[in-house]
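Keep the picture open while you read.

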Amino acid sequence: MKKNTFAAMLLLLALLCSMSACGDKNVSQQNMTENAETSAPTENNGYSCPDFKSREEGAEALRSLIESVPRGYRSVYDYDSQEDFNLIQREISGKYEKLSLDDIRAYYVRTLTAIDALSVRYSDVPQIFITTGDVGWEYTSAKIAITGDGSIVNDTVGTSEYFSTADALIKLRGNSSSSVDKKSYTLKFDERTSLLGMDYGKKWTLLANPFDKTLMRIKLCFDYAAALGLPYSSQTSFADVWLNGVYMGVYVLIEPVSEGRGRVDISSEDGDFIIEKNNVREEGGVRYLTTGSGLRFEINEPSGTTEEQLTDYKNLLDSAESALFTLDHTQYEQYFDLESFVNFYIFEEMIKDVDFAEYSTRYFVKDGKLYAGPPWDCDLTMGNVSYCEPKYLTYNNSDGMGDGSENSTQVFWARRDWHEWLCRDSYFM
């Protein structure tokens with residue numbers, strides 16, 4: 001009898017445990033369903049849920065919608081406006097597989113409403129948010145989000161006029177600057193895109209300015225070049241940059257030097273080209289030429305220069321130099337646009353770019369005539385150089401170099417290369 005009673009008690013205990021487990025499971029599922037259903041119907045604030053054909057399709061769509069808000073969004077938006085979005089993430093994080101199709105539909109509409117409620121935090125400079133993997137020397141995909149003046153990128157997420165995102169590619173850029181922790185980047189979009197109200201273009205550059213503690217020289221120089229009336233000077237904007245949610249610092253968003261509308265107004269199909277002074281550097285896939293006077297240039301545009309084009313470019317530059325060396329302005333004016341060369345000379349003497357006539361010094365040819373500029377690489381200007389090599393000692397007029405004045409503002413700096421010959425002619429000066 002005792003054995004039968006003991007067995008009955010065990011059976012009753014097992015049944016009670018089973019009922020309790022089932023009850024907990026049902027309550028848990030009921031709570032999740034209530035969270036979804038009571039917080040948002042399948043239509044809300046004008047939003048309606050797509051007609052998902054399966055639970056899997058709906059779960060993937062919901063996950064993609066949530067991930068469309070870039071990583072680091074907490075830095076973009078006012079904290080109060082994030083409350084609903086954060087609550088949704090907490091409720092369903094790691095639980096997509098447990099959601100019913102009705103749950104997913106309700107959460108989808110609720111998420112749309114939460115995104116619409118996000119309000120961009122005020123900042124006195126634009127904010128650029130980049131979500132990507134490891135960034136190297138080859139392009140990799142990225143999601144770019146920018147807060148600014150509203151005329152930013154296509155594919156707006158939400159309805160805020162100050163916030164847009166787009167798919168893009170990103171890679172590292174720079175020579176000496178690539179060795180420091182604060183990296184510079186090149187951005188590339190599929191279509192010509194306007195960023196922060198600047199002219200449309202597919203490629204954009206984020207300059208880190210690691211060697212300029214003021215972070216101001218590049219923008220000051222490009223604004224000055226534009227005020228002087230150089231044929232083309234890249235537009236710029238300061239911006240705070242966030243990479244995968246980590247604040248990287250203040251950057252300069254700038255239009256890179258390239259051919260096209262809103263950039264350098266040339267047509268390589270008609271024989272126009274852009275050249276950049278490059279004394280010694282070698283880079284794979286880049287074409288170089290050396291003029292009769294020994295000036296060495298790399299071809300910036302067009303890319304994929306043929307041997308025939310290279311010969312044509314060299315012949316034109318050699319003819320221009322021959323005319324210049326006569327110091328007869330009626331001859332060299334046929335090849336040199338003197339207004340641009342005057343303004344570029346004033347620009348270079350005023351900013352005193354340490355790399356002038358060695359690197360990053362550009363010229364372009366349009367309709368058979370040489371134009372000076374556009375400028376580039378202006379961080380090491382206005383006395384911002386070290387004392388670690390002879391060129392810098394000359395720049396600073398120190399240790400018996402230059403005029404020995406120990407003052408970097410003394411002595412003409414830009415009377416070199418073609419400008420050396422132009423400055424010999426009183427007509428140019």
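Leu327 counts as partly exposed because its relative accessibility is 31%, where buried means under 20% relative accessible area, exposed over 50% and partly exposed in between (1.4 Å probe, protein chains only). Keep in mind that this is a predicted model, where local features need pLDDT of at least 70, side-chain atom pairs count only at pLDDT 80 or more, and totals for chains, interfaces and linings use all residues. Residues are numbered from 1 along each chain as its sequence is written, and side-chain values use heavy atoms, with hydrogens and water left out.

- Leu327 isn't a glycine, yet its phi is positive, near 55 degrees.
- You'll find Leu327 in the loop between H6 and helix H7 (329-332); helices (H or I, at least four residues) and strands (E, at least two) are DSSP runs, numbered from the N terminus.
- Met382 is another non-glycine with a positive phi, about 55 degrees, and it sits in the loop between S14 and H9.
- With 38% relative accessibility, Met382 counts as partly exposed.
- Glu301 and Pro302 are joined by a cis peptide bond, with omega about 5 degrees, and Pro302 belongs to the loop between S12 and helix H6 (307-324).
- Gly373 and Pro374 are also joined by a cis peptide bond, with omega about 5 degrees; look for Pro374 in the loop between strand S14 (369-372) and helix H9 (390-396).

**Helix H2 and its two sides**

- Helix H2 covers residues 55-67, and its 13 residues should span 18 Å at 1.5 Å a residue; the expected span is 1.5 Å times one less than the number of residues.
- The end C-alpha atoms of H2 are 18 Å apart, which agrees.
- Which residues of H2 are buried? They are Gly58, Ala59, Leu62, Leu65 and Ile66.
- An α-helix has 3.6 residues a turn, so residues three or four places apart point the same way.
- Over on the other side of H2, Glu56 and Glu67 are exposed.
- The cover over the buried residues of H2 includes helix H3 (83-92) and helix H4 (101-117), where contact means heavy atoms within 4.5 Å.

**Aromatic rings**

- A search of the whole structure turns up 19 aromatic pairs; rings of Phe, Tyr and Trp (its six-membered ring) pair if their centres lie within 6.5 Å, and planes under 30 degrees apart count as stacked, over 60 as edge-to-face and the rest as tilted.
- Phe297 and Trp418 are stacked, because their ring centres are 5.4 Å apart and their planes are at 25 degrees.
- That pair links distant parts of the chain, 121 residues apart: Phe297 is in strand S12 (residues 296-301) and Trp418 in helix H10 (residues 418-422).
- Phe297 and Trp418 are both buried.
- Phe344 and Tyr363 make an edge-to-face pair, 6.3 Å centre to centre with 75 degrees between the planes.
- Phe344 is in helix H8 (residues 338-351) and Tyr363 in strand S13 (residues 359-366), so their pair ties together parts 19 residues apart in sequence.
- Both Phe344 and Tyr363 are buried.

**Charges over rings**

- Arg424 has its charged end over the ring of Trp421, 4.1 Å from the centre; the rule is that NZ of Lys or CZ of Arg is within 6 Å of the ring centre and within 35 degrees of the ring normal.
- Lys182 lies over the face of Tyr251, 5.0 Å from the ring centre.
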